[in-house]
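Here are my notes for your first read of this model. Keep the structure open as you go through the points.

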Amino acid sequence: MLNLEKILTHYDPVTGELPGAIMVKRHLSDLRGCFADTPAYDAALAAGNPLLYTVAAVEPAVDEGDLHYGVGMLMPGKIGDEYFMTKGHLHSWRPAAEFYFGLTGEGLMLFEDEATGESRIVPLRPNGVVYVPGHTAHRTMNVGETPLTYLGVYPARAGHDYSTIAKKNFRFVVVERNGQPAMIGRK
Ligand SMILES: [Fe+2]
């Protein structure tokens with residue numbers, strides 16, 4: 001099917017909007033348990049419930065071989081020393097890999113191999129392509145001063161498993177130390 005509406009979309013690299021896509025909005029209250037510094041989280045929530053990020057995804061009916069994609073927009077900010085982040089997820093179909101393309105802003109991705117726990121942070125910046133291997137939990141952080149936007153492309157059958165991370169958070173947190181991001185063990 002070579003219908004132009006289906007094969008060409010223009011995203012907005014600043015707002016993260018994608019025509020025809022449903023935009024999911026995540027506020028601070030949606031990320032309870034994600035941030036390590038609970039008193040800082042509670043204080044920030046009491047002061048307001050800011051929008052942390054949006055995801056606009058194009059996920060039509062699955063056919064074998066299809067790809068899905070989405071644009072994410074993550075606001076700058078911190079809870080305590082920890083950067084604003086996404087919930088993070090594994091793919092329901094664990095072998096599914098993904099490409100992230102940095103569009104605007106300065107981000108990091110936190111990877112954690114589900115089997116070994118091996119973890120690392122990877123820069124997510126404009127003109128950068130990040131390959132997320134299968135079987136790897138991934139979370140995005142904004143470590144800059146402006147909104148971070150990025151495009152993710154993944155197999156249509158990948159699916160999103162948020163519950164595994166919700167039950168057992170990432171082993172590492174990414175915090176600002178001396179003005180730089182640093183990955184440290186969760187206490
Ligand atoms: Fe993903």
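1. Start with Y41. This tyrosine has a relative accessible area of 3%, so Y41 is buried. The cut-off for buried is under 20%. F35 is buried as well, at 4% relative accessibility. Please bear in mind that this is a predicted model.

2. Now look at the two rings together. The centres of F35 and Y41 lie 6.2 Å apart. Their planes meet at 25°, so the pair counts as stacked. Planes have to be under 30 degrees apart for that label. A search of the whole structure turns up 4 aromatic pairs.

3. Compare F99 and F101. Their ring centres are 5.9 Å apart, with the planes at 35°, so this pair is tilted. F99 has 37% relative accessibility and is partly exposed. F101 is partly exposed too, with a relative accessible area of 28%. Ring pairs also bring in Y131: F99, F101 and Y131 form a cluster.

4. Which residues coordinate the iron ion? They are H89, H91, E98 and H138. Each histidine uses its NE2 atom, and E98 uses OE. The distances run from 2.0 to 2.3 Å. Along the chain, the donors of the iron ion follow the spacing H-x1-H-x6-E-x39-H.

5. The pair E98 and H138 links distant parts of the chain. E98 is in strand 7, residues 98–104. H138 is in strand 11, residues 136–142. E98 is buried at 4% relative accessibility, and H138 is buried at 2%.

6. Why is the site of the iron ion called irregular? The angles among its 4 donor atoms range from 83 to 168°. The ideal angle for four tetrahedral donors is 109.5 degrees.

7. T86 deserves a look. T86 sits in the loop between strand 5 (82–83) and strand 6 (90–91). Is T86 buried or exposed? At 8% relative accessibility, T86 is buried. Leaving out residues up to four places away in sequence, T86 touches L31, Y53, L74, R139, T140 and Y150.

8. K6 gives a contrasting case. K6 belongs to helix 1, residues 4–7. With a relative accessible area of 56%, K6 is exposed. The cut-off for exposed is over 50%. K6 and G20 are 14 residues apart along the chain, and their C-alpha atoms are 9.9 Å apart.

9. Step back to the whole protein. Its secondary structure consists of 3 helices and 15 strands. The radius of gyration is 16 Å, close to the 16 Å from the globule rule for 187 residues, so the protein is as compact as a globular protein of that length. The C-alpha trace spans about 50 × 35 × 30 Å along its principal axes.

10. Finish with contacts and surface. Take the contacts between residues at least 6 apart in sequence: 69% of them join residues at least 24 apart. Of the 187 residues, 40% are buried. The accessible surface is about 10,000 Å². Carbon and sulfur atoms account for 55% of that surface.

Note on methods:
Residues are numbered from 1 along each chain as its sequence is written. This is a predicted model: local features need pLDDT of at least 70, side-chain atom pairs count only at pLDDT 80 or more; totals for chains, interfaces and linings use all residues. Side-chain values use heavy atoms; hydrogens and water are left out. Donors are N, O and S atoms within 2.8 Å of the metal (3.2 Å for Na, K and Ca); water is not among the atoms, so sites may look incomplete. Four donors count as tetrahedral if all angles lie between 85 and 135 degrees; four count as square planar and six as octahedral if opposite donors are over 155 degrees apart and all others between 65 and 115; anything else is irregular. Helices (H or I, at least four residues) and strands (E, at least two) are DSSP runs, numbered from the N terminus. Buried means under 20% relative accessible area, exposed over 50%, partly exposed in between (1.4 Å probe, protein chains only). The radius of gyration is taken over C-alpha atoms; the globule rule is 2.2 Å times the number of residues to the power 0.38. Contact means heavy atoms within 4.5 Å. Accessible areas come from the Shrake-Rupley method with a 1.4 Å probe; for residues, only the protein chains shown count as cover. Rings of Phe, Tyr and Trp (its six-membered ring) pair if their centres lie within 6.5 Å; planes under 30 degrees apart count as stacked, over 60 as edge-to-face and the rest as tilted.
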